[in-house]
Amino acid sequence: MPTVAEFLPGFEASAWVAVAAPKATPAEIVERLNREINAGLADPKIKARLAELGGTVFVGTPADFDRLVAEQTEKWGKVIRAANIKAE
């Protein structure tokens with residue numbers, strides 16, 4: 001049985017999970033949440049458990065997350081427009 005990538009060259013599927021706060025959240029709260037979450041994700045036990053579940057841990061700053069969202073929006077927006085996908 002071929003893999004999806006073998007059957008559909010260039011196939012890509014991914015998912016990510018993030019923690020976000022309302023835009024008006026004070027910077028000091030966002031910074032603390034980011035610091036504490038990154039520290040938790042650096043814990044070897046948490047990293048190992050997420051790996052067991054098939055996850056890969058990526059830590060970063062709020063600016064890194066903003067870039068990721070912008071990149072993913074652009075990337076998948078192109079796919080949606082090219083395939084003429086419409087909401088039902």
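Student: What does relative accessibility say of Trp16?

Tutor: Trp16 has a relative accessibility of 42%, so Trp16 counts as partly exposed. Buried means under 20% relative accessible area, exposed means over 50%, and partly exposed is in between (1.4 Å probe, protein chains only).

Student: What kind of model is this?

Tutor: This is a predicted model: local features need pLDDT of at least 70, side-chain atom pairs count only at pLDDT 80 or more, and totals for chains, interfaces and linings use all residues. Residues are numbered from 1 along each chain as its sequence is written, and side-chain values use heavy atoms, with hydrogens and water left out.

Student: What is the mean pLDDT of the protein?

Tutor: pLDDT is the predictor's confidence in each residue, from 0 to 100. The protein has a mean of 92, and 100% of its residues reach 70 or more. Confidence is lowest in H1, at a mean of 84, and highest in H2, at 96. These labels are DSSP runs numbered from the N terminus: helices (H or I) have at least four residues, strands (E) at least two.

Student: How many aromatic pairs does a search of the whole structure find?

Tutor: A pair of aromatic rings is described by the distance of the centres and the angle of the planes. The search finds one pair. Rings of Phe, Tyr and Trp (its six-membered ring) pair if their centres lie within 6.5 Å; planes under 30 degrees apart are stacked, over 60 edge-to-face, the rest tilted.

Student: Why does the pair tie together parts that are apart in sequence?

Tutor: Trp16 lies in the loop between helix H1 (4-7) and helix H2 (27-42), and Phe65 in helix H4 (residues 62-82), so the pair ties together parts 49 residues apart in sequence. Phe65 is partly exposed, at 25% relative accessibility.

Student: Which residues does Gln72 touch?

Tutor: Contact means heavy atoms within 4.5 Å. Not counting residues up to four places away in sequence, Gln72 touches Trp16 and Gly77. Gln72 is found in helix H4 and is buried, at 18% relative accessible area.

Student: What is the phi of Asn84?

Tutor: Most residues other than glycine have a negative phi. Asn84 has a positive phi, near 55 degrees, and is not glycine. Asn84 lies in the segment after H4 and is exposed, with a relative accessible area of 52%.
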